[in-house]
Amino acid sequence: MTELPALLRDVRACTLCADSLPHGPRPVLQAAAGARILVAGQAPGRKVHASGIPFDDASGERLRDWMGVDRDTFYDAGRVAILPMGFCYPGTGRSGDLPPRPECAARWRQPLLDALPGIALTIVLGAHALAWHRRGAAPAASLTDAVRDWRQGAPRLWLLPHPSPRNNGWLKHNPWFAAEVLPALRHHVAEALGR
């Protein structure tokens, strides 16, 4: 098994799909030995590509609120690992950012997860991360159905919609998410962090 620091160096130097990235490669991720929580997102957006800091945008503010953690805790790599399905900004399509490049997950995901044995809780954001983290399981009819069935994976696996402001309509039409899922998520995040 490759050691985590060497893996992270290799990932940060990766140019595997450089020819397909309109803004060039800039892998954005966060991990360290001892991390207890894994955030499995989609891919960095334009703002995150510019800053190089995961979830350094409105989605990150909402996600930290959902988790009940402050910025210092969220950006402590020894507590929270952030491994999107694609590490580089894939560019923009007709209705928002393009899907994550598939090369990242195929090449890097399993070795990175194997190097993080202390993960007690995984937060899965969006359809692409859901498909990877639930492979082998019966597919849900929709992301909403997967999120609604949150008790099936809890307390180790939390399937959530993406915290993007683009999902404000979804949140408005699914008030059970804030009423039922978020209090339970916050409790288990605190527990995983030893609070």
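So, the lining of the second largest pocket: it splits into 8 nonpolar residues, 2 polar and 1 charged. Before I go on, please keep in mind that this is a predicted model. Which residues are we talking about? The lining is made of Leu38, Leu113, Leu116, Pro117, Ile119, Ala120, Leu121, Thr122, His133, Arg156 and Leu157. As for volume, this second largest pocket comes to about 160 Å³.

Okay, now the largest pocket. How much space lies in there? About 940 Å³. It has 38 lining residues, and the closest to its centre are Ser59, Asp97, His162, Ser164 and Arg166. Several elements give two or more residues to that lining: helix 2 (46-51), helix 3 (58-67), strand 4 (96-97), helix 6 (127-133) and helix 7 (143-148). Which one gives the largest share? That's helix 2, with 3 residues. And if you sort the lining of the largest pocket by type, you get 20 nonpolar, 13 polar and 5 charged residues. If you're wondering how anyone finds such places, rolling a probe the size of a water molecule over the atoms shows where empty space is left.

Let's stop at Ser59, one of the residues closest to the centre of that largest pocket. You'll find Ser59 in helix 3. Is Ser59 buried or exposed? Its relative accessibility is 8%, and buried means under 20%, so Ser59 counts as buried. Leaving out residues up to four places away in sequence, Ser59 touches His162, Pro163, Ser164 and Pro165. Two of the names there, His162 and Ser164, were also on the list of residues closest to the pocket centre.

Now zoom in on strand 5. With strand 1 (residues 37-40), strand 5 (residues 121-125) pairs in the parallel sense over 4 bridges. In that pairing, Leu38 has Thr122 as its bridge partner, and Ala40 stands opposite Val124. Turn to strand 6, and strand 5 again pairs in the parallel sense, over 4 bridges. There, Val124 has Leu159 as its bridge partner.

How many residues of strand 5 are buried? 5 of its 5. Here's a handy thing to remember: in a regular strand the side chains alternate between the two faces of the sheet. In strand 5, Leu121, Ile123 and Leu125 are on one side, Thr122 and Val124 are on the other, and both faces are covered.

Let me also show you Leu83. Leu83 is in the loop between strand 2 (80-82) and strand 3 (92-93). With a relative accessible area of 1%, Leu83 is buried. What does Leu83 touch? Not counting residues up to four places away in sequence, the list is Leu29, Gln30, Ala31, Leu38, Val39, Ala40, Gly41, Arg109, Leu112, Leu113 and Leu116. Take Gln30 from that list: Gln30 and Leu83 are 53 residues apart along the chain, but their C-alpha atoms are separated by 6.6 Å.

Two backbone details before I sit down. Where is the cis peptide bond I marked? It joins Ala154 and Pro155, with omega at about 10°. Pro155 lies in the loop between helix 7 and strand 6. The other detail is Phe55, in the loop between helix 2 and helix 3. The phi of Phe55 is near 55°, which is a positive value in a residue other than glycine. And Phe55 has 12% relative accessibility, so Phe55 counts as buried.

Terms used: Residues numbered from 1 in each chain as written. Predicted model: local features only at pLDDT ≥ 70, side-chain atom pairs only at ≥ 80, totals over all residues. Heavy atoms only, no water. 1 Å grid on protein atoms, 1.4 Å probe; cavity = no way out; pocket = protein on both sides within 12 Å on 5 of 7 lines; lining within 4 Å. Points joined across faces, edges and corners; volume = space filled by probe spheres on them. Nonpolar A, V, L, I, M, F, W, Y, C, P; charged D, E, K, R; others polar. Buried < 20%, exposed > 50% of the residue type's maximum accessible area, 1.4 Å probe, protein only. Contact = heavy atoms within 4.5 Å. Pairing = 2+ DSSP bridges.
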